[in-house]
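Please read it with the structure open alongside.

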Amino acid sequence: MNIDWAALGAVFGVSLVATVALVGLFALGVVSLARQESAGARSAGGAARTGQALAYACFALCAAAVAYGIYLIVA
């Protein structure tokens, strides 16, 4: 039984980077949504809409990344 350590290291590195990026993107969406709510309580300006749009874009990118991962596993 031989283990290809280079391939195992590559998989580990890619999965680590993808996990950190996905969690960071989701956290950015949550923070944007929280700031949008606090900005909406103060004033109904463009900052509230920008925060909401950024949050939805982050969540959409997270969903797309998860869907792509499922596609790679199933295919």
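In this predicted model, the largest pocket has a volume of about 180 Å³. Two elements, α1 (5–42) and α2 (46–74), each give two or more residues to the lining of this pocket, and α2 gives the most, with five residues.

**Lining of the largest pocket**
- The residues that line the largest pocket are S15, A18, T19, L22, A65, V66, Y68, G69 and L72.
- Sorted by class, this lining consists of six nonpolar and three polar residues, while charged residues are absent from it.

**Nonpolar surface patch**
- V66, I70, I73 and V74 together make a nonpolar surface patch of about 430 Å².
- V66, which is found in helix α2, belongs both to this patch and to the lining of the largest pocket.

**The chain as a whole**
- The secondary structure of the chain comes to two helices, with zero strands.
- Of the 75 residues in the chain, 12% are buried, a class that takes in residues with under 20% relative accessible area.
- The accessible surface of the chain comes to about 5800 Å², and carbon and sulfur atoms account for 73% of this surface.

Conventions
Residues numbered from 1 in each chain as written. Predicted model: local features only at pLDDT ≥ 70, side-chain atom pairs only at ≥ 80, totals over all residues. Heavy atoms only, no water. 1 Å grid on protein atoms, 1.4 Å probe; cavity = no way out; pocket = protein on both sides within 12 Å on 5 of 7 lines; lining within 4 Å. Points joined across faces, edges and corners; volume = space filled by probe spheres on them. Helix = DSSP H or I, 4+ residues; strand = E, 2+ residues; numbered from the N terminus. Nonpolar A, V, L, I, M, F, W, Y, C, P; charged D, E, K, R; others polar. Patch = residues over 30% accessible without salt bridge, like charges linked within 9 Å, V, L, I, M, F, W, Y side chains within 5 Å. Areas by Shrake-Rupley, 256 points an atom, 1.4 Å probe, with all protein chains shown as cover. Salt bridge = Lys/Arg side-chain N within 4 Å of Asp/Glu carboxyl O. Buried < 20%, exposed > 50% of the residue type's maximum accessible area, 1.4 Å probe, protein only.
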